[in-house]
Amino acid sequence: MGKFLKDKQLDATKLLLSAVFIVLVFYPFLQMVIMIQPEDFGRVVTASNFPEAVANSLRAAVTTTAISVSLGMALAACLQRTNIRGKAVLSVVLILPMLIPSISHGMGLIVVFGTNGILTNLLGLEGTIYGFGGMVLGSVLYSYPVAFLMLNDVLKYQDSSPYEAAAVLGIPPLRRMTAITLPYLARPLVSAVFAVFTMVITDYGIPLMIGGKNTTLAVMMYQEVLGQVDFGKGSVVGLFLLIPAIITFVFNTLSKNRAKMGYVTRPFEMKRNSLRDGAAYVFCGAVLLFVVVLIGSFCMLAFTTRYPSDLTFTLAHVQKMLDLGGDRYVTNSVIIALFVSVIGIVTAFVTAYMTTRVPSRMSHFLHLCSITSLAIPGIVLGLSYALTFSRSFIYGTMAILIMANLMHFFASPYLMMYNSLSKMNENLESVGATLGISRLRIVLHVIIPQSKSTLLEMFSYFFVNSMMTISAVSFLANVRTKPLSLMINQFEAQMLMECAAVVSLCILLVNVCIKGMVYLINQHVSKRPPVNPAR
């Protein structure tokens, strides 16, 4: 009877969590769809700029995806398959572009390659950075770290045994690559392609800043909603943006990783190869230089009197940003990010535990509800929240921004914990019950200690993305609740590029501090032995 009651309580918890996702994800999206009128489709499809927007979005997304995934794969290979030094520093610096909002990349490229850009003047370059080329370059900077992280993690844990066996059998390197490496990387590469493609096609920051006359679907949606307050047309464009995200969602749902913890792999022992390592140094150095120049461009704008005419050091732009409310908006962003992170890791852990460690028919339904937000881009989720909650008491408060960010970023941290818990010994709770140890004590003293690293990564993911997002909150923030990232677009529209650079650096600094803090805590807790649950 006691076990029956406990099972009922656990199922009730699953039902409650499912209801939360239905209310905060499914319901707003359905409300947005219901509000669309048949004539809205006609107004969008027959609009003169719609075919061009579709073509520009697809061209930019396909081109960027090809470059970013190739670049990410090459960088991952340099770090995992060569003997170059400074890999730890490289792995940190290479992901710096993903710690600032996408719109900042466009602004940085203007400073570097614009009419009076740093490299334009230094190298005597001609032409303009505005247009398709600039849009692709900015999108590559924004998205390649994602591909790099995904593929670097895969190569890091690849087993070298098949390669050693192939070498003993005399199989040439090219054949090893086609027979072992490519099949092994097939699924991660497809995942990286989908992830980058979805990121690029749903982003409006870079095309808005540097795309020139190249309108994309995301920019079109942004302009229809914020520029012309036409929610009908904006909702229709949002439906078109759902297509690549839904494809990504279906692929991730159908290709599950069922590997269990404890699978032993033999790490690669790289032999000395001066030509290979030299090429890796040159390649990584070139990418590193570009990233440093981009970050340096923000410093050039933020701390000089007026670039490029007066390069005298000054803090006037920092003070001006603060005078225009920057300190308040920094506080808003940090508060939002902290609430999202704390609520997010608790909710994601409990949800992942329920779906992996407490199997039942409800578990599959809860898992599906938990990952559904993967199929809804942030800009579409933000619009659906604006339409659904515009007349509620939470609209115009911090609460709706926290809710939107939590749902927007929930799926990835949830899947981190889902994969981590799936790989743990599935008999832990059964053994604990046999020894008279409660499920709660097993969770507190065995499962959480083994998941500390994943929990820290989840906190970092929630916080960093909440600090820099512009898509999910664009339609929900007001003057009082605005997060810092939205000030970049505001300052750019007012031609206050120096203040926008200060904001970008501020977001980068906060995110780097959080990443550093998480790393140090992770290093510390990993050295502590787990607590004995029997005590």
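User: Is Asp-277 buried or exposed?

Analyst: Let us start with the general idea: buried means under 20% relative accessible area, exposed means over 50%, and partly exposed is in between (1.4 Å probe, protein chains only). Asp-277 has a relative accessible area of 11%, so it is buried. Please keep in mind that this is a predicted model, where local features need pLDDT of at least 70 and side-chain atom pairs count only at pLDDT 80 or more, while totals for chains, interfaces and linings use all residues. Residues are numbered from 1 along each chain as its sequence is written, and side-chain values use heavy atoms, with hydrogens and water left out.

User: Thanks! With which residue does Asp-277 form a salt bridge?

Analyst: A salt bridge is a side-chain nitrogen of Lys or Arg within 4 Å of a carboxyl oxygen of Asp or Glu. For Asp-277 the partner is Arg-276, and the closest N and O atoms are 3.0 Å apart. Arg-276 is partly exposed, because its relative accessibility is 24%.

User: How many salt bridges does the structure hold, and which residues are linked in a network?

Analyst: There are 5 salt bridges in the structure. The network joins Asp-40, Arg-43 and Asp-230. Within that group, Asp-40 and Arg-43 have their closest N and O atoms 2.8 Å apart. Asp-40 and Arg-43 are 3 residues apart in helix H2 (residues 38–45), so about one helical turn separates them. Asp-40 is buried at a relative accessible area of 6%, whereas Arg-43 is partly exposed at 36%.

User: Which parts does the salt bridge of Glu-498 and Arg-306 tie together?

Analyst: The side chains of Glu-498 and Arg-306 meet at 3.8 Å, N to O. Glu-498 belongs to helix H23 and Arg-306 to strand S1, so the bridge ties together parts that are 192 residues apart in sequence. Glu-498 counts as buried at 11% relative accessibility, while Arg-306 is exposed, with a relative accessible area of 52%.

User: Let us turn to rings. How many aromatic pairs does the structure hold?

Analyst: A pair of aromatic rings is described by the distance of the centres and the angle of the planes. Rings of Phe, Tyr and Trp (its six-membered ring) pair if their centres lie within 6.5 Å; planes under 30 degrees apart count as stacked, over 60 as edge-to-face and the rest as tilted. The structure holds 11 such pairs. In one of them, the ring centres of Phe-303 and Phe-313 are 6.0 Å apart and the planes are at 25°, so this pair is stacked. The pair links distant parts of the chain, 10 residues apart: Phe-303 is in the loop between helix H13 (274–302) and strand S1 (304–306), and Phe-313 is in strand S2 (residues 310–313). Phe-303 is partly exposed at 25% relative accessible area, and Phe-313 is exposed at 59%.

User: What are the distance and the angle between the planes for Tyr-414 and Tyr-418?

Analyst: Tyr-414 and Tyr-418 are 5.7 Å apart, centre to centre, with 45° between the planes, and the pair is tilted. Both residues lie in helix H18 (residues 411–422), 4 residues apart, or about one turn of the helix. Tyr-414 and Tyr-418 are both buried. Ring pairs also link Phe-21, Phe-410, Tyr-414 and Tyr-418 into a cluster.

User: Which charged end sits over the ring of Tyr-329?

Analyst: The rule is that NZ of Lys or CZ of Arg is within 6 Å of the ring centre and within 35 degrees of the ring normal. The charged end of Arg-328 sits over the Tyr-329 ring, 4.8 Å from its centre. Lys-482 also lies over the face of Tyr-329, at 5.7 Å from the ring centre.

User: One more: which residues does Leu-455 touch?

Analyst: Contact means heavy atoms within 4.5 Å. Not counting residues up to four places away in sequence, Leu-455 touches Ile-345, Phe-349, Met-417 and Ile-448. Leu-455 is in helix H21 (residues 452–468) and is buried, with a relative accessible area of 18%.

Key
Helix = DSSP H or I, 4+ residues; strand = E, 2+ residues; numbered from the N terminus.
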